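Please read the points below alongside the model.

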Amino acid sequence: MEIVDASVAAAKSYASALDEVAREGKWLAVSVGFSLDECIAFIRRCKETKSIELFLMDGDTVAGWCDVVPAKGIRTGSLGIGLRRRYRGKGYGAELLDAAIEKAARRFDKVVLYVREDNDRAINMYLRRGFVTKKIYSKGAYKGLPERVLMMVRKFTKKERQ
C-alpha cells in the first residue's frame with residue numbers, strides 16, 4: 001500500500017473506487033460516482049489550484065482517496081475522503097487523512113469536512129486529529145440527505161503551517 005499524489009493515469013481506478021463507495025449510499029453526498037471524464041477533470045483542477053488529492057494505491061488499484069480543495073475563501077479547505085469497503089478498519093483511512101492534513105497545513109489555515117452523525121468510527125478518527133464539531137445540520141438540510149450531518153473543523157497552528 002502506498003499513498004501517492006493523484007494522477008490521471010489512475011483516474012479509471014479512482015472513478016471505480018468513487019462509484020463503489022457512492023453506491024453504498026451511506027458515506028458520500030452522492031449515490032453514484034462520477035464519469036471518468038469528470039474524475040480526470042477533477043484531478044487536473046486539483047493540480048491547477050494546488051489543491052491536495054491523494055490516492056491510496058494497492059498496486060494499480062485506487063483503494064481510497066483524500067482531497068482538500070478550496071472552500072469559503074482561499075485559506076479554507078474542504079476535505080473529502082473515501083475507502084473501498086475491503087480496505088476499511090485497517091488503519092489506511094487514518095494514514096491517508098494524516099498525509100492529507102500534513103499537506104493541507106502548508107496550503108490552508110483550516111480544513112472543514114462533513115460527516116454523518118452516525119459514523120462514529122470516522123468521527124473518532126477526526127477528533128483524534130484535532131477536528132472539532134462546529135455545526136450540526138438536521139435531517140435533509142445538507143444536500144438533501146435524510147441523516148443528520150456534522151460539520152467539523154481543524155485549524156492549523158503556526159508550527160504546523162511551516
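**Notes on the predicted model**

1. Asp98 lies in helix α3 of this predicted model. Is Asp98 buried, partly exposed or exposed? With a relative accessible area of 36%, Asp98 is partly exposed, because that class runs between the 20% limit for buried and the 50% limit for exposed. Asp98 and Tyr126 are separated by 28 residues in sequence, and their C-alpha atoms lie 10.0 Å apart.

2. Helix α3 has 14 residues, and the distance from its first C-alpha to its last is 20 Å. That is close to the 20 Å expected at 1.5 Å a residue. Its buried residues are Tyr92, Gly93, Ala94, Leu96, Leu97, Ala100, Ile101, Ala104 and Ala105.

3. The largest nonpolar core holds 30 residues, and those touching the most other members are Val68, Leu79, Val115, Tyr126 and Met152. At least two residues of this core come from each of β2, β3 (61–70), β4 (76–83), α3 (92–105), β5 (110–116), α4 (120–128) and β7 (149–155). Helix α3 makes the largest contribution to this core, with 8 residues.

4. Which residues does Tyr126 touch, leaving out those up to four places away in sequence? On that basis, the contacts of Tyr126 are Ile81, Leu97, Leu113, Val115, Phe131 and Met152.

5. Val112 is a residue of strand β5. Its relative accessible area is 10%, so Val112 is buried. Not counting residues up to four places away in sequence, Val112 is in contact with Thr76, Gly77, Ser78, Leu79, Met152 and Val153. Between Val112 and Lys72 there is a separation of 40 residues in sequence, while the distance in space is 9.8 Å, C-alpha to C-alpha.

6. Strand β3 contains Gly64. Why does Gly64 count as buried? Gly64 counts as buried because its relative accessibility is 0%, and buried means under 20%. With residues up to four places away in sequence left out, Gly64 touches Leu54, Phe55, Leu56, Gly82, Leu83 and Leu96. Gly64 and Tyr14 are 50 residues apart in sequence, with 7.8 Å between their C-alpha atoms.

7. Helix α1 covers residues 11–23. Its 13 residues should span 18 Å at 1.5 Å a residue, and its end C-alpha atoms are 18 Å apart, so the two values agree. The buried residues of α1 are Ala11, Ser13, Tyr14, Ala15, Ala17, Leu18, Val21 and Ala22. These buried residues are covered by elements including α2, β2, β3 and β4. Just after α1, Gly25 has a positive phi of about 70°.

8. Glu48 has its place in helix α2. Is Glu48 buried or exposed? Glu48 is exposed, because its relative accessible area is 65% and exposed means over 50%. Glu48 and Gly89 are 41 residues apart in sequence and lie 33 Å apart in space, C-alpha to C-alpha.

9. The loop between α2 and β2 holds Lys50. Phi of Lys50 is near 55°, which is a positive value in a residue other than glycine. Most residues other than glycine have a negative phi. The relative accessibility of Lys50 is 64%, so Lys50 counts as exposed.

10. How much space lies in the second largest pocket? The second largest pocket holds about 160 Å³. Its lining is made up of Asp5, Ala6, Ile43, Cys46, Lys47, Lys50, Ser51, Ile52, Glu53, Lys103 and Arg107. The elements giving two or more residues to this lining are α2 (36–48) and β2 (52–58). Helix α2 gives the most, with 3 residues. By type, the lining of the second largest pocket has 4 nonpolar, 1 polar and 6 charged residues.

Technical notes. Residues numbered from 1 in each chain as written. Predicted model: local features only at pLDDT ≥ 70, side-chain atom pairs only at ≥ 80, totals over all residues. Heavy atoms only, no water. 1 Å grid on protein atoms, 1.4 Å probe; cavity = no way out; pocket = protein on both sides within 12 Å on 5 of 7 lines; lining within 4 Å. Points joined across faces, edges and corners; volume = space filled by probe spheres on them. Helix = DSSP H or I, 4+ residues; strand = E, 2+ residues; numbered from the N terminus. Nonpolar A, V, L, I, M, F, W, Y, C, P; charged D, E, K, R; others polar. Core = buried A, V, L, I, M, F, W, Y, C linked by side-chain atoms within 4.5 Å. Buried < 20%, exposed > 50% of the residue type's maximum accessible area, 1.4 Å probe, protein only. Contact = heavy atoms within 4.5 Å. Expected span 1.5 Å × (residues − 1).
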